Amino acid sequence: MRALCWHGKHDIRCDTVPDPGIEDGRDAIIKVTSCAICGSDLHLFDGVMPGMEHGDVMGHEFMGEVVEVGRDNKALKVGDRVVVPFTISCGECEQCRRGNFSVCERSNRNKKLADKAFGHSTAGLYGYTHLTGGYPGGQAEYVRVPYADCGPLKIPEGLSDEQVLFLGDIFPTGWQAAVACDIEPEDTVCVWGAGPVGQFAIRSALLLGARQVIAIDRVPERLAMAAAGGAITLDFDEEPVLERLAELTGGKGPQKCIDAVGMEAHATRSLDSIVDRAKQAVMLETDRPHVLREMIMACRPAGILSVPGVYGGFVDKIPMGALMNKGLTLRTGQTHVPRWTEDLLRRIRDGQIDPSFVITHSAGLEDGPGLYKTFRDKEDGCIKVVLKP
């Protein structure tokens with residue numbers, strides 16, 4: 001089969017690789033009908049996330065048709081159309097029973113490696129480094145789905161791939177980020193980063209009843225999409241962020257803040273971001289946490305910081321004194337996708353939201369390597385890329 005494979009920094013190729021097969025009775029094989037390039041994939045593309053090996057199949061946003069089912073899988077049948085969560089969960093361990101699917105205790109095949117890196121292993125992920133199991137990803141013609149009787153969401157007739165594809169990652173990720181904020185009717189929610197996750201966080205915060213949502217970015221097309229979704233927009237290259245947020249909140253700051261950027265903040269005008277880039281270049285720091293620092297300083301005392309943006313290693317210069325003395329609550333984590341998908345599917349069917357709004361580029365799988373660069377450099381207003389194998 002054909003698949004997009006990682007061969008090093010800025011080196012993604014469309015290769016011929018072996019077809020997947022059933023390895024366990026709970027498995028299923030999915031023929032991919034649509035997949036997407038995620039902002040998290042760009043961390044791999046840029047070579048800043050450890051644990052990748054030459055030839056690893058990329059991608060963790062995908063859906064398709066079931067073409068083979070393991071003997072013990074009673075939940076799926078051949079012909080079912082499903083969206084697959086990017087987090088792999090067994091459904092049986094203590095964490096899965098609590099609904100904490102992204103920290104499943106069984107699905108990471110490289111648990112000992114992850115234990116060393118994180119203290120305790122988290123769940124396996126598709127196409128996302130050997131720290132999370134080294135599972136082949138979904139930017140391919142076929143995918144083996146382990147524990148396929150737990151997680152994959154059956155899609156009813158009448159909904160297009162474009163409407164439901166993002167139930168596997170960015171829609172529930174933006175939703176979980178907003179839910180973590182405990183939004184109240186008078187809240188101002190500020191979202192750093194108007195990429196795909198940020199766009200869904202904006203709309204989720206408004207669906208959950210926020211009084212106003214402020215979106216911070218510098219890409220005109222992303223800011224325009226955020227404004228179309230109901231957000232007040234702020235270009236961080238043109239306006240001082242902390243001063244503008246104070247103006248918009250009567251000097252008090254936003255009650256709730258969402259970091260939809262993560263480890264590769266692209267701010268360049270502040271001293272801390274310049275130091276981050278210098279330290280990262282000489283391997284003295286792995287991540288660039290400018291947004292995390294700015295959120296801590298901007299947030300209203302007793303507020304909540306929600307971090308769906310991916311961090312991979314170590315950060316420094318965090319204003320811990322401000323975090324502690326202001327009494328801020330920090331909530332983070334990969335997304336517990338199956339916790340949210342039934343409700344979000346209902347919202348799509350009811351017409352509350354059409355997730356396809358975020359798609360700006362569609363192409364075949366063979367065009368994927370070039371579109372990685374297009375997405376990274378935000379060329380042609382690129383916000384979300386969908387690929388059709």
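Is His-10 buried, partly exposed or exposed? Hold that thought for a moment, everyone, and we will come back to it. One thing to keep in mind throughout is that this is a predicted model.

So, to His-10. The answer is partly exposed, because its relative accessible area is 40%, and the cut-offs are under 20% for buried and over 50% for exposed. His-10 sits in the loop that links strand 1 (2-6) with strand 2 (12-16). Its backbone is worth a look too: phi is near 60°, a positive value in a residue that is not glycine.

Please keep that in mind while we jump to the other end of the numbering. Asp-380 also has a positive phi, about 55°, and is not a glycine either. You will find Asp-380 in the loop between helix 13 (368-376) and strand 18 (385-388). Asp-380 counts as exposed because its relative accessibility is 68%, and exposed begins over 50%.

Now let's step back to the whole protein. It contains 13 helices and 18 strands. Its radius of gyration is 20 Å, close to the 21 Å that the globule rule gives for 389 residues, so the protein is as compact as a globular protein of that length. If you draw a box around the C-alpha atoms along the principal axes, that box is roughly 60 × 50 × 45 Å. Of the 389 residues, 58% count as buried. And take the contacts between residues at least 6 apart in sequence: 72% of those join residues at least 24 apart.

Let's visit a few buried residues, starting with a helix. Ala-226 belongs to helix 7, residues 220-228. Why does Ala-226 count as buried? Because its relative accessibility is 0%, and anything under 20% is called buried. Which residues does Ala-226 touch, leaving aside those within four places in sequence? They are Ala-194, Gln-199, Ile-202, Ala-215, Ala-231 and Thr-233. Here is a distance you can check on the screen: Ala-226 and Ile-216 are 10 residues apart in sequence, and their C-alpha atoms are 9.2 Å apart in space.

Arg-347 lies in helix 12, residues 337-349. Arg-347 is buried, because its relative accessible area is 14%, and the limit is under 20%.

Thr-132 is in the loop between strand 8 (124-125) and strand 9 (142-145), yet at 7% relative accessibility it counts as buried. Once its neighbours within four places are set aside, Thr-132 is in contact with Asn-108, Ala-123, Gly-124 and Leu-125. Thr-132 and Leu-113 are 19 residues apart in sequence, with 8.7 Å between their C-alpha atoms.

On to the cysteines. How many disulfides are there? The count comes to 0. Take Cys-5 to begin with: it is in no disulfide, and the nearest cysteine sulfur, in Cys-14, is 7.8 Å away. Cys-5 is also buried, at 1% relative accessibility. Then there is Cys-104, whose sulfur is 3.7 Å from the closest cysteine sulfur, that of Cys-90. That is too far for a bond, because a disulfide needs the two sulfurs within 2.5 Å. Cys-104 is buried as well, with a relative accessible area of 1%.

A search of the whole structure turns up 1 cavity of 30 Å³ or more. The largest cavity holds about 50 Å³ of space. Its lining includes Val-84, Pro-85, Tyr-126, Cys-150 and Gly-151. By class, that lining has 9 nonpolar residues, 3 polar ones and no charged ones.

The largest pocket has a volume of about 1,300 Å³. Of the 49 residues lining it, the closest to the centre are Asp-287, Val-310, Tyr-311, Gly-312 and Gly-313. Which helix gives the most to this lining? It is helix 9, with 3 residues. Several elements each supply at least two lining residues, among them helix 3 (111-118), helix 10 (290-298) and strand 15 (304-307). The lining of the largest pocket has 24 nonpolar, 17 polar and 8 charged residues.

Technical notes
Residues numbered from 1 in each chain as written. Predicted model: local features only at pLDDT ≥ 70, side-chain atom pairs only at ≥ 80, totals over all residues. Heavy atoms only, no water. 1 Å grid on protein atoms, 1.4 Å probe; cavity = no way out; pocket = protein on both sides within 12 Å on 5 of 7 lines; lining within 4 Å. Points joined across faces, edges and corners; volume = space filled by probe spheres on them. Nonpolar A, V, L, I, M, F, W, Y, C, P; charged D, E, K, R; others polar. Helix = DSSP H or I, 4+ residues; strand = E, 2+ residues; numbered from the N terminus. Buried < 20%, exposed > 50% of the residue type's maximum accessible area, 1.4 Å probe, protein only. Contact = heavy atoms within 4.5 Å. Rg over C-alpha atoms; globule rule 2.2 N^0.38 Å.
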